Amino acid sequence: MKGKPPVERPYAALLAKGEDRKQRILSVAQRLLVRNGWRNTSLAQIAREAGVTTAGLLHHFESKDHLLEAVADSRDADDLNRVDRSGDLVEQLSKVPRRFDEAPDMVGMFTVLLIENLEPDAPLHDRLLHRSRASVATVETGIRRGQRAGRYRTDLDPAVKAVEIIAFIHGMETLWLLDRSIPLNEVFTEYIQSLRRQLMPAGTP
């Protein structure tokens with residue numbers, strides 16, 4: 001006789017359903033944050049659009065601050081999944097525009113959070129300051145790696161160039177969120193070509 005197919009345990013099904021609901025709440029929170037900003041978005045609004053009660057939302061996220069941290073965590077996790085910190089810096093930068101198309105809510109969410117947390121007493125100020133410095137340090141490390149490998153000039157300051165690159169990316173994110181008609185890919189292509197010329201050692205064809 002053929003064995004009966006395994007029956008999914010009710011507890012496992014409940015866990016899966018709960019995880020789906022949690023992800024839906026996060027997705028709605030990200031979308032509303034982009035549209036209204038975090039300060040103008042209430043837990044009741046998020047719960048309503050996610051199809052849960054406020055009590056149901058608080059079952060997964062015990063407070064608005066907890067949900068805010070989870071939203072920021074999701075952005076950081078997305079970053080980690082996309083970046084190859086051991087690869088060539090210029091090659092990695094050429095992939096940045098893809099994120100605008102694939103995850104516009106992530107791009108918008110980070111920009112809004114950054115603007116809303118500029119003041120030192122803002123809830124995510126310290127976290128975003130640390131993250132910004134880490135981003136600059138990552139780019140700086142990539143430049144130094146290219147210098148050691150002989151691919152990049154050694155007479156430029158990696159720390160200064162890293163700040164310029166991060167500032168360009170943040171600026172493009174803000175402009176694109178304001179006006180989706182800008183020629184995003186063309187601007188990135190031009191900037192990356194210019195950056196490549198600046199980084200190449202003298203005499204490189």
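Colleague: How many cavities of 30 Å³ or more does a search of the whole structure find?

Modeller: This is a predicted model, in which local features need pLDDT of at least 70 and side-chain atom pairs count only at pLDDT 80 or more, while totals for chains, interfaces and linings use all residues. Residues are numbered from 1 along each chain as its sequence is written, and side-chain values use heavy atoms, with hydrogens and water left out. A cavity is a set of points, on a 1 Å grid over the protein atoms alone, where a 1.4 Å probe fits but cannot get out. With a threshold of 30 Å³ or more, the search of the whole structure finds one.

Colleague: Which helices each supply at least two residues of the lining of the largest cavity?

Modeller: The largest cavity holds about 50 Å³ of space, a volume being the space filled by probe spheres set on grid points joined across faces, edges and corners. Its lining residues (those with an atom within 4 Å of a point) are Ala72, Arg75, Asp76, Met109, Phe110, Leu113, Arg127, Leu128 and Arg131. Helices here are DSSP runs (H or I, at least four residues) numbered from the N terminus, and those that each supply at least two lining residues are helix 4 (64–82), helix 7 (104–116) and helix 8 (125–148).

Colleague: How are helix 4 and helix 7 set to each other?

Modeller: Their axes, which are lines fitted to C-alpha atoms over the stretch in contact, come within 10 Å and cross at roughly 125 degrees. Angles run from 0 to 180 degrees between N-to-C directions, and because those under 35 count as roughly parallel, over 145 as roughly antiparallel and 65 to 115 as roughly perpendicular, helix 4 and helix 7 are oblique.

Colleague: Which helix gives the most to the lining of the largest pocket?

Modeller: A pocket is an open set of points with protein on both sides within 12 Å along at least five of seven lines, and the largest pocket has about 800 Å³ of space. It is lined by 32 residues, with Asp79, Val83, Val96, Arg99 and Ile169 nearest its centre. Helix 4, helix 5 (89–93), helix 6 (96–102), helix 8 and helix 9 (158–178) each supply at least two residues, and the most, nine residues, comes from helix 8.
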